[in-house]
Amino acid sequence: MEEIYTVIPDDFERAGAASTSLKDLLKKLGLSPELIRRIAIGTYEGEMNCLIHGGGGRIRAEIGPQDIRVSIEDHGPGIPDVQKAMQEGWSTASAKIRAMGFGAGMGLPNMKKVSDEMQIDTQVGKGTRVTLVFHLPG
Amino acid sequence: MVTLKKVAEVLEAQVVSGQEGLGRTVKQACGSDMMSDVLAYAKEDFVLLTGLLNIQVVRTADVSDAAALIFVRDKHPEQEVLLAAKDKGIPVLYTRYTMFEACGRLYELGLRGCSAKDRK
């Protein structure tokens, strides 16, 4: 099963709607609340990054028998220094974004924390794809 | 464990929506205008206190499973934000207390913070 969501550039009002839709879908599938919460938080962090830094993009959620994979892809500027981006508190977000409650530099580290596996594929000037894998129990 | 009803009483709060959910119990509270921090620190069974009024407050509360959304210092969000919270079944409370006072009252009531030292 696969779900695709579009992240519209600069649409702060709708930002996060993809993650909450995915959460509603996962609830219907009867997954544990703890797992749903981790997936929803990871996806939402990715969705906000995609909107804030990536200029919008696409979220793909693949629900398989053994795991759930969420990939968040944009065609934005890419991440020049992934190691720095993974440091808690390091952020390039603007004052405007911070005033909206985001850009604390917690996004990528938190995505790593809530997921079982995380992969970042990024190229400066081309874009970024972050893939989160969540293992299903059993 | 403290019921949301008790939380509302201590904060002398107006329950804007979700009255029926006030029997739910909580253990922790997270007070912040920075949703990034809420997402990183908050645990389940917590209430979110904030002075931020945008729609992302509801989205953050939803994905992190907040038991209730409490707007401090008598700030009121737009109708659209309230409707989104209602749609997600998240009780909304207004309190006249400032963030500091509201958090202090809840701490006195027995709620604890989402401490960084407890993070995975």
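Analyst: Start with helix 2 of chain A. This helix gives six residues to the lining of the largest pocket, the largest share. Note that the model is predicted.

Helix 2 covers residues 33-52. Three other elements of chain A also give two or more residues to the lining: strand 3, helix 5 (107-114) and strand 5. The pocket holds about 540 Å³ of space. By class, 17 lining residues are nonpolar, twelve are polar and three are charged.

Strand 3 (residues 67-74) and strand 5 (residues 127-135) of chain A run antiparallel. Eight bridges join them. In one of these pairings, A:Ile68 has A:Phe134 of strand 5 as its bridge partner.

Both strands belong to an open sheet of five strands in chain A. The order is 1-2-3-5-4, with antiparallel pairing. Strand 1 (2-7) and strand 4 (117-123) of chain A are the edges, each pairing on one side only. On average, neighbouring strands are turned by 10 degrees against each other, direction ignored.

Strand 3 has a further neighbour. Helix 1 (residues 17-28) of chain A lies across strand 1, strand 2 (57-63) and strand 3. Helix 1 runs at about 160 degrees to strand 1 of chain A.

To return to the pocket: strand 3 and strand 5 contribute to its lining alongside helix 2 and helix 5 of chain A.

Definitions and conventions. Residues numbered from 1 in each chain as written. Chains lettered and ligands numbered in written order. Predicted model: local features only at pLDDT ≥ 70, side-chain atom pairs only at ≥ 80, totals over all residues. Heavy atoms only, no water. Pairing = 2+ DSSP bridges. Helix = DSSP H or I, 4+ residues; strand = E, 2+ residues; numbered from the N terminus. Axes fitted to C-alpha atoms, helices over the stretch in contact; angles between N-to-C directions. Contact = heavy atoms within 4.5 Å. 1 Å grid on protein atoms, 1.4 Å probe; cavity = no way out; pocket = protein on both sides within 12 Å on 5 of 7 lines; lining within 4 Å. Points joined across faces, edges and corners; volume = space filled by probe spheres on them. Nonpolar A, V, L, I, M, F, W, Y, C, P; charged D, E, K, R; others polar.
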